[in-house]
Amino acid sequence: MEKVKYYFSDSSFNADDELFYCKYALNRLISYHYKTSLYKYIDIYRKLHGEYLDLNNYNLLIDSGAYSIWNSGKPSINVEDYKIFCLELLIHISDMPFNNIEFINLDSIPGERNRPVTEYDVKIAQEQSYENYLLLKNYVPNLLPVFHQGDSFEYLHEIEKYTLRYCVSPANDKSVSQRLLWIQDVFKVANPNFKPHGLGFSNATIAKANPWHSFDASTHALRAGFGVIMYKIDDKLLDIVVSDVRTPETTGTHFKNFTKLEQQKILNDLQQIDDRFTYDNIVREGKIRKMINVYNVSRYYESFSKPINVIQETLF
């Protein structure tokens, strides 16, 4: 089975930091919502290509950012504007030999913020998303439509008339068990040859439960922001809290709760990766925590290819 591609979802880039990230984050998802950051990423990697890396090994996935914009309360994106952006971007990077460049369709997000979504909202949004896809696919290559939890399975069949490469987007306001059950239904109904991209995963259980072609997450950055490093040990990826300030989003065991021997092993392992990864730097600097997380997440998923059946143990 082909290895799963893990896309790191990022919204900010720094040339010095990318000298580290480029060794591990070969697949990136960047949103149209962060156009300035996207073009900064392109400028950095155009300079790195040849001397530091070979872009033929790198994949780029462009998200429309429809949900981010909807959630911010700003006016929705115009489909013509998104089309022009995609085409101009392709011209701008025509000299850069990425292995693959894909675009995610411009979705219409159902309902309004702070109001319960109705079936009618979902129906209207689904129809608008499909219209956008039918328009954009005539101009934008490698365009991925999105099948959301809550969409009708008739819509899935409509998508598959045009492509077997599309995004599957579980609802983040549902429990892990509810998302897993819905994803199981998608895999039962979908064409067995489809190549799904799991959109916006924050849970390793969901990521590893089915034979995804690819998926993305921003967990590496979010955990770092909440004072957490992700540490791979054997076949597990642990959340280790290094900040003394806990928030509702902070998960994991605090570093100080490990034995002295365990603490020393963790620090020795980290400093073998990069001599900047000292305890003081890990506690103080979010960018150091993010580097550690990128390294360990990439190692965790790099050898993963076969899904595991976790639905029963998750439910019961």
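K290 and D10 form a salt bridge, with 3.2 Å between their closest N and O atoms. Because K290 lies in helix α12 (residues 286-302) and D10 in the loop between β1 (5-9) and α1 (15-21), this pair ties together parts that are 280 residues apart in sequence. Both K290 and D10 are buried. Please keep in mind that this is a predicted model.

How many salt bridges does the structure hold? There are 14 salt bridges in the structure. K290 and D10 also belong to a network of salt bridges, in which they are linked with E18 and R28.

Are the two partners buried or exposed? K287, at 40% relative accessibility, counts as partly exposed. D17 has a relative accessible area of 10% and is therefore buried.

A further salt bridge joins K256 and D244. K256 sits in the loop between β12 (253-254) and α10 (260-273), while D244 sits in the loop between β11 (236-241) and β12, so the pair ties together parts that are twelve residues apart in sequence. With a relative accessible area of 61%, D244 is exposed.

Here are these pairs side by side:

| Salt bridge | Closest N and O atoms |
|---|---|
| K290 with D10 | 3.2 Å |
| K256 with D244 | 3.6 Å |

Now let us turn to the helices. Helix α6 (residues 153-160) and helix α7 (residues 176-189) have axes that come within 11 Å and cross at roughly 45°. The two helices, α6 and α7, are therefore oblique to each other. Their crossing is right-handed. Which residues make the contact? On the α6 side they are F153, L156 and H157, and on the α7 side W182, D185, V186 and V189. In this contact of α6 with α7, five residues are nonpolar, one is polar and one is charged.

Another pair of helices to look at is α4 (residues 79-92) and α5 (residues 119-136), whose axes come within 11 Å and cross at roughly 35°. The crossing of α4 and α5 is right-handed. Helix α4 brings V79, E80, Y82 and K83 to the contact, and helix α5 brings N132, L135 and L136. Sorted by kind, the residues of the contact of α4 with α5 are four nonpolar, one polar and two charged.

One last stop is D54. Where is the place of D54? You can find D54 in the loop between α2 (35-48) and β3 (59-63). At 33% relative accessibility, D54 counts as partly exposed. D54 and M96 are 42 residues apart in sequence, and their C-alpha atoms are 9.8 Å apart in space.

How values were computed
Residues numbered from 1 in each chain as written. Predicted model: local features only at pLDDT ≥ 70, side-chain atom pairs only at ≥ 80, totals over all residues. Heavy atoms only, no water. Salt bridge = Lys/Arg side-chain N within 4 Å of Asp/Glu carboxyl O. Helix = DSSP H or I, 4+ residues; strand = E, 2+ residues; numbered from the N terminus. Buried < 20%, exposed > 50% of the residue type's maximum accessible area, 1.4 Å probe, protein only. Axes fitted to C-alpha atoms, helices over the stretch in contact; angles between N-to-C directions. Parallel < 35°, antiparallel > 145°, perpendicular 65-115°, else oblique. Left-handed = near helix turned anticlockwise from the far one by under 90°. Contact = heavy atoms within 4.5 Å. Nonpolar A, V, L, I, M, F, W, Y, C, P; charged D, E, K, R; others polar.
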